[in-house]
Amino acid sequence: MTLKGVTIMLKKLVQNEYTELYKENKLRESTLSKRNQDILRQVYDRVSAYTWNCYEVELVRKDLIGMAAQAEARGSDLEQVMGCNPDEYCRQIVDGIDRGSPLDYVSTWYPTAYMILVVFNVIMLIVNRGNAHLDLLWSLASPVLFLFWLCLCAWMHRIGHKLSLRFGTWVELGWNLFLIAVFICLCIAFSKVVMGYPVQGPLWLVILYQLAWAIGSQCWQNFRYNRYARNHPWREQPQQ
């Protein structure tokens, strides 16, 4: 197999309907005015707090980009087309959005993050001539703990959004500061647990574990979003 063939094969492994839609949206969004881009970003952030399904968020963004382009052609902006502010618009549409799972979310960036860790740890292993060790308990538990933290963070963020709609942004700010305090306390508590049970493991074992997460999450991303896209296509369908 030629180098070009290997490159094409690797490219197909990391591309799917979600990544194609994401790139298409980024390109189209860059042609909009700064005002409409700011409105899009607000809607994107709010919708992202209500679903783990990143493909669903990109579908919403795709529709809004089309609405914004039509509004600009008429000398208007996206908020006037929506008929309300971004917070109210999100509240109207979130009930019809697929919630997905935390794995749907982390699969969009776990592959890259863990491949970076793999490369870094391989360099460390070479520098130490294959005799490096890491805290095994922390290395094994960190991906799962992060999923737990995401669930907690999303739940608290949704409550913060509801508080903002009812009482204003200052109440939401206070709630977010409380969220940060909870995160710090959890980190301190877990670090004490890890320090209480020090278990050192060979670095090569940690590398294999991280590589498994990178490959597994990429496979899930391809399977999950390609399957979802078959039922909710974003490309223009040919007329029969």
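Colleague: At what angle do helix 2 and helix 4 pack, and how far apart are their axes?

Modeller: Bearing in mind that this is a predicted model, helix 2 and helix 4, the latter covering residues 54–73, pack at an angle of about 30 degrees, and their axes are 10 Å apart.

Colleague: What makes helix 2 and helix 4 roughly parallel?

Modeller: Angles under 35 degrees count as roughly parallel, and the angle here is about 30 degrees, so helix 2 and helix 4 are called roughly parallel to each other. As to handedness, helix 2 passes helix 4 in a left-handed crossing.

Colleague: How does the reach of helix 2 compare with what is expected at 1.5 Å a residue?

Modeller: Helix 2 spans residues 17–29, which is 13 residues, and from its first C-alpha to its last it reaches 18 Å, close to the expected 18 Å.

Colleague: Which residues of helix 2 are buried, and why are they said to line one face?

Modeller: Buried means under 20% relative accessible area, and in helix 2 the label goes to Tyr18, Thr19, Leu21, Asn25 and Glu29. Seen down the axis of helix 2, these buried residues fall within an arc of 160 degrees, and therefore they line one face of the helix.

Definitions and conventions:
Residues are numbered from 1 along each chain as its sequence is written. This is a predicted model: local features need pLDDT of at least 70, side-chain atom pairs count only at pLDDT 80 or more; totals for chains, interfaces and linings use all residues. Side-chain values use heavy atoms; hydrogens and water are left out. Helices (H or I, at least four residues) and strands (E, at least two) are DSSP runs, numbered from the N terminus. The expected span of a helix is 1.5 Å times one less than its number of residues. Buried means under 20% relative accessible area, exposed over 50%, partly exposed in between (1.4 Å probe, protein chains only). The arc is that of the directions from the helix axis to the C-beta atoms. Axes are lines fitted to C-alpha atoms, for helices over the stretch in contact, and angles run from 0 to 180 degrees between N-to-C directions. Angles under 35 degrees count as roughly parallel, over 145 as roughly antiparallel, 65 to 115 as roughly perpendicular and the rest as oblique. A crossing is left-handed if the near helix is turned anticlockwise from the far one by less than a right angle, and right-handed if clockwise.
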